[in-house]
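Here are some short notes to read alongside the structure. Please keep the model open and find each residue as it comes up.

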Amino acid sequence: MTAHGRLWTARRRIVVLLLLAAFLAAAMPEMPARAASGPAAKRPMAAGAAASTITVGIKPLDPFVGRDDTGEYVGFSIDLWNDIARRNDWQTRYVWYPDIRSLLDRARDNDIDAAISGISITADREAEVDFSYPMFDAGLQILAADKPAGLDLSNQLENLVSAATGRYLAVLLVMLVIAGAITSAVTRVGSEHRWHRRMGEGMFRAAAVGLAGDLGEPQRLFAKIVTFAWLIAGLVFVSLFTASITTQLTVRSIRTGITGIADLPGKRVVTVRGSTAESYLRHHDISPRTVASIDDAYPMLRAGNADAIVYDSPVLQHHVDVAHDRKETLAGQVFEPEDYGIAFPTGSALRKRANASLLQMHADGTYDELRARYFDSHS
């Protein structure tokens with residue numbers, strides 16, 4: 001075969017192979033794309049697309065999250081998120097969870113796109129989810145029953161019997177014993193009475209002069225000087241003693257007996273299960289009784305089944321503001337400062353855009369107006 005023939009044969013083979021490949025490609029079905037795997041693939045989420053539907057987990061926490069008479073979700077956190085969603089052209093689908101642990105678990109497992117309520121930012125929670133910039137500054141506080149002791153005789157007597165009262169009475173007894181001993185020594189010569197009789201009379205005389213101001217009729221100059229000095233000492237002592245007792249009774253009459261975290265050991269303390277308040281109390285060797293919701297704790301305090309509630313300060317302050325007919329008071333100052341944040345699944349693309357919206361709300365005054373609507377009017 002000539003060279004030209006061999007070339008023609010090779011070309012025919014190439015053409016036949018190309019036609020065969022084209023036929024096979026057309027006849028074979030299209031291979032499906034490989035499915036995505038991992039936690040991020042559980043739910044499709046177009047974070048950058050317009051009018052995306054964002055699933056937001058919430059939990060009841062007045063005044064941050066609640067429902068009105070029509071069943072509509074309301075509260076500071078709801079209004080805050082609605083404004084963030086508006087700025088990003090997101091549609092929101094709220095999902096209600098009963099407690100903070102369930103809410104954080106769903107965010108951690110990427111079952112929801114975000115979680116908002118009054119969620120304290122902690123190191124342990126940061127290991128499970130990503131938090132936004134702080135959306136509210138909070139802290140812990142104590143709510144106790146306000147029971148004025150002035151109307152309760154037994155409570156007044158209990159307040160009177162104190163360590164301070166005992167110290168004053170002990171000092172008074174020592175002073176009277178010394179006065180009696182001096183009187184016994186001075187009147188020993190020529191006296192017909194035994195030493196214990198002279199000492200008793202001296203103590204009575206000292207009490208009459210120092211406490212009652214009974215000077216009698218001392219004849220000698222030395223006796224007058226001693227009697228006058230003892231009278232001055234008695235007046236000072238009685239004044240200090242009276243001021244101390246009055247202060248104790250006044251302060252304790254207007255207080256509940258709980259003025260801070262140091263007064264909680266031995267008391268019946270209630271808090272919300274899984275909250276930062278529970279962690280704080282247990283860390284300080286205080287074993288609280290826990291309930292599922294803060295709304296379950298208020299009736300226990302009113303019924304006398306608890307001495308104090310420890311929980312987030314803004315929540316307790318709002319409760320006191322709206323419960324004008326109840327005998328409850330905030331005891332002590334805010335302690336253990338903490339911030340609330342919006343929780344996102346780890347690596348969520350939504351967090352950056354939510355943060356940008358929060359900064360915009362602060363810059364244009366929207367955040368301040370929203371906060372004033374729920375809190376500043378009650379401060």
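1. Confidence comes first. This is a predicted model. The chain has an average pLDDT of 77, and 59% of the residues score at least 70. Two stretches call for care. Residues 2–8 have a pLDDT below 50; beyond near neighbours in sequence, they make 1 contact in the model. Residues 14–50 also fall below 50. Beyond near neighbours in sequence, that stretch has 20 contacts in the model.

2. Now look at helix H13, residues 366–374. Which of its residues are buried? They are Tyr367, Leu370, Arg371 and Tyr374. These residues lie on the same side of H13, because they cover an arc of only 95 degrees around the axis. An α-helix has 3.6 residues a turn, so residues three or four places apart point the same way.

3. Turn to the other face of H13. Glu369 and Arg373 sit there, turned away from the buried side, and they are exposed.

4. What covers the buried residues of H13? The cover includes three helices: H2 (76–88), H11 (313–322) and H12 (350–363). It also includes strand E7 (136–145).

5. Finally, find Lys59. It lies in the loop between strand E1 (52–58) and strand E2 (66–67). Lys59 is buried but has no salt bridge. A salt bridge needs the charged atoms within 4 Å, while Asp312, the nearest side chain of opposite charge, is 7.7 Å from Lys59.

6. What does Lys59 touch, leaving out residues up to four places away in sequence? Its contacts are Val65, Tyr97, Asp99, Ile100, Leu103, Ile116, Ser117 and Tyr311.

Technical notes:
Residues are numbered from 1 along each chain as its sequence is written. This is a predicted model: local features need pLDDT of at least 70, side-chain atom pairs count only at pLDDT 80 or more; totals for chains, interfaces and linings use all residues. Side-chain values use heavy atoms; hydrogens and water are left out. Buried means under 20% relative accessible area, exposed over 50%, partly exposed in between (1.4 Å probe, protein chains only). Helices (H or I, at least four residues) and strands (E, at least two) are DSSP runs, numbered from the N terminus. The arc is that of the directions from the helix axis to the C-beta atoms. Contact means heavy atoms within 4.5 Å. Lys and Arg count as positive and Asp and Glu as negative; His and the chain ends are not counted. pLDDT is the predictor's confidence in each residue, from 0 to 100.
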